[in-house]
Amino acid sequence: MESIWSRTWKAETRPSLEKHIQADVAVIGGGMAGILTAWQLKQAGVKTVVLEAERIGGGQTKNTTAKITAQHGLFCYQWIEKKGEETARKYVKANQEAVEEYKRIIREQKIDCDFRISDAYVYSADVEQLKKEVEAAQKLGVSATLERELEIPVSGCGAVRFPVQAQFHPLKFITALARQLCVYEHTPVTKVKEHLAETAGGSVRADKIVLATHFPFINFPGMYFTRMHQERSYVLALEGAGKLKGMYIGAGKEDFSFRSYDRYILLGGEAHRSGENQEGGEYAALIESAKKMFPQSTVAACWSNQDCMTTDQIPFIGQYAEKYPYWFVATGFQKWGMSSSMVAARLLRDLLCGRKNEYAEIFAPSRFSAEEIPNLLKEGGKAVKGLTKRFFSLPHKTIAALEPGQGAIVETPQGKAGVYKTKTGEIHQVNPVCPHLGCALSWNPEEHSWDCPCHGSRFDGEGKWLNGPAQEGITRE
């Protein structure tokens, strides 16, 4: 399962850090947010080092649908009602400026990344809801319109159109910027202490440290794990499905995402909380939907992505915690990682350089509102459920009953364990407990991985680390 971006681009490798160095800023994480932040800081004359655990863009960046848009679902009228017009206007303005900044950088740096201007649409069968959104978006300064004729195969719908948004090839873009930066790959940071970021081969001492690791791996202070969870969603690259001029996303939880790239249509959907896979499989469900919408198409590639969801729908960008004024964070981008990455890069650049930024307050991690309370309680309940599950859940199978390619919590002579049987019959036995905060892991049959339903850490069938916030694999037994 490899994204169309990974298939169509191979970047040059970077060395690992094998010495002790100094910098003005150390950026931990070489995804879109980390590379953009480092690039913006370099333009401001700040000596910056990027430390990436694997390859640049090798985390969520390579799995995005790569839409660059300020249209984040049907949110304008809801935000005006819940958060106030000023917050809603600043959020839209910050993201629209992010779209324009991508355009500027790509133009001035002459980056060949399959960049294309494209209108963005959010579709729904509820026309009254669409009319409310158009009115609210216009009130916030967007040239939004209501469209009743759509080029996607969905019936009975209209859409809100945000004009002049964009799309691109994220790995081609990020690689071009990274060539101008000091980047160390295959350099996971094992510990951050005051101004020091430690790795297995060396360390970086920096005046300031930015954590751009998708989900922060430092639990205390900050406690971001109490205010976020992760969701997985799935994408098919369909060949023979035609082409689209615009980019589309549905307003409902069971709706789809559409965009074109080259000769493919990228169809996304089937989102769910990490660790809570559905019966029958998400890929199978998405393929079935593709057959109905694009009957002449074939699946050329399929992959999945994971998004950090905050309790109030706004990313956390700014000072990591009051105790450490020289640590900064960028996380919780929801489903809108490309525009949010640029918002984060520009905001962090200003904060680290002592500049005033009009958006600092709405993205500040220290913010809190009553709107968060129900979701905070929900997240707490999920964590308690994950912790108790490891003690009280009963094994479903024995090792002998496992089919090749299957994993499950089983009863072994040593007690309850996680077991994966490969297609060739090889047995891999692990302790199915997340090393992040001790939640019980669930088997993901779609991707042959152990996933944490509490905070989204993932491990392959053999127990090797795939995604944080955990920093290590699960113990083999």
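How many of the eight residues of strand 17 are buried? Seven of them are, so strand 17 (residues 324-331) is largely enclosed by the rest of the structure. The close-up views below come from a predicted model.

**View 1. Strand 17 and its two partners.** Strand 17 pairs with strand 10 (residues 203-211) in the parallel sense. Three bridges make up that pairing. Here isoleucine 209 stands opposite tryptophan 327 of strand 17. Strand 16 (residues 316-321) runs antiparallel to strand 17, and five bridges join them. Phenylalanine 316 has threonine 331 in strand 17 as its bridge partner. Strands 16 and 17 form a hairpin, with two residues between them.

**View 2. An aromatic cluster.** Six residues form one aromatic cluster: Tyr224, Phe316, Tyr320, Tyr324, Tyr326 and Trp327. Two names return from the previous view. Phenylalanine 316 is the bridge partner of threonine 331, and tryptophan 327 faces isoleucine 209.

View 3. The structure holds 21 aromatic pairs. In one of them, the rings of phenylalanine 75 and tyrosine 91 have their centres 5.6 Å apart and their planes at 80°, so the pair is edge-to-face. Phenylalanine 75 lies in the loop between strand 3 (67-68) and helix 3 (76-82), and tyrosine 91 lies in helix 4 (residues 85-109), so the pair ties together parts that are 16 residues apart in sequence. Both residues, phenylalanine 75 and tyrosine 91, are buried. The rings of phenylalanine 258 and phenylalanine 294 also pair edge-to-face, because their centres are 6.4 Å apart and their planes stand at 65°. Phenylalanine 258 sits in strand 13 (residues 257-261), and phenylalanine 294 in the loop between helix 7 (282-293) and strand 15 (298-310), so this pair ties together parts 36 residues apart in sequence. Phenylalanine 258 is buried at 0% relative accessibility. Phenylalanine 294 is buried at 9%.

**View 4. A charge over a ring.** Lysine 83 places its charged end over the ring of tryptophan 79. That end is 4.9 Å from the ring centre.

View 5. Helix 8 (residues 337-352) has 16 residues. From its first C-alpha to its last, helix 8 reaches 21 Å, close to the expected 22 Å. Of its 16 residues, 14 are buried, so helix 8 is largely enclosed by the rest of the structure. Glycine 354 follows helix 8, with a positive phi near 75°. Lysine 356 lies in the loop between helix 8 and helix 9 (360-363). Is lysine 356 buried or exposed? Lysine 356 is exposed, with a relative accessible area of 82%. Between the C-alpha atoms of lysine 356 and alanine 237 there are 42 Å in space, and the two are 119 residues apart in sequence.

**View 6. One disulfide, and other cysteines.** The structure holds one disulfide. Cysteine 439 and cysteine 454 form it, with their sulfur atoms 2.2 Å apart. The link is left-handed, with -100° about the S-S bond. Cysteine 439 lies in the loop between strand 21 (427-430) and strand 22 (442-444), and cysteine 454 in the loop between strand 23 (449-451) and strand 24 (458-460), so the pair ties together parts that are 15 residues apart in sequence. Cysteine 439 and cysteine 454 are both buried. Cysteine 157 is in no disulfide. The nearest cysteine sulfur to that of cysteine 157 belongs to cysteine 76, 19 Å away. Cysteine 157 counts as buried at 15% relative accessibility. Cysteine 113 is buried too, with a relative accessible area of 1%.

Terms used: Residues are numbered from 1 along each chain as its sequence is written. This is a predicted model: local features need pLDDT of at least 70, side-chain atom pairs count only at pLDDT 80 or more; totals for chains, interfaces and linings use all residues. Side-chain values use heavy atoms; hydrogens and water are left out. Helices (H or I, at least four residues) and strands (E, at least two) are DSSP runs, numbered from the N terminus. The expected span of a helix is 1.5 Å times one less than its number of residues. Buried means under 20% relative accessible area, exposed over 50%, partly exposed in between (1.4 Å probe, protein chains only). Two strands pair if DSSP finds at least two bridges between them. Rings of Phe, Tyr and Trp (its six-membered ring) pair if their centres lie within 6.5 Å; planes under 30 degrees apart count as stacked, over 60 as edge-to-face and the rest as tilted. A charge sits over a ring if NZ of Lys or CZ of Arg is within 6 Å of the ring centre and within 35 degrees of the ring normal. A disulfide is a pair of cysteine sulfur atoms within 2.5 Å.
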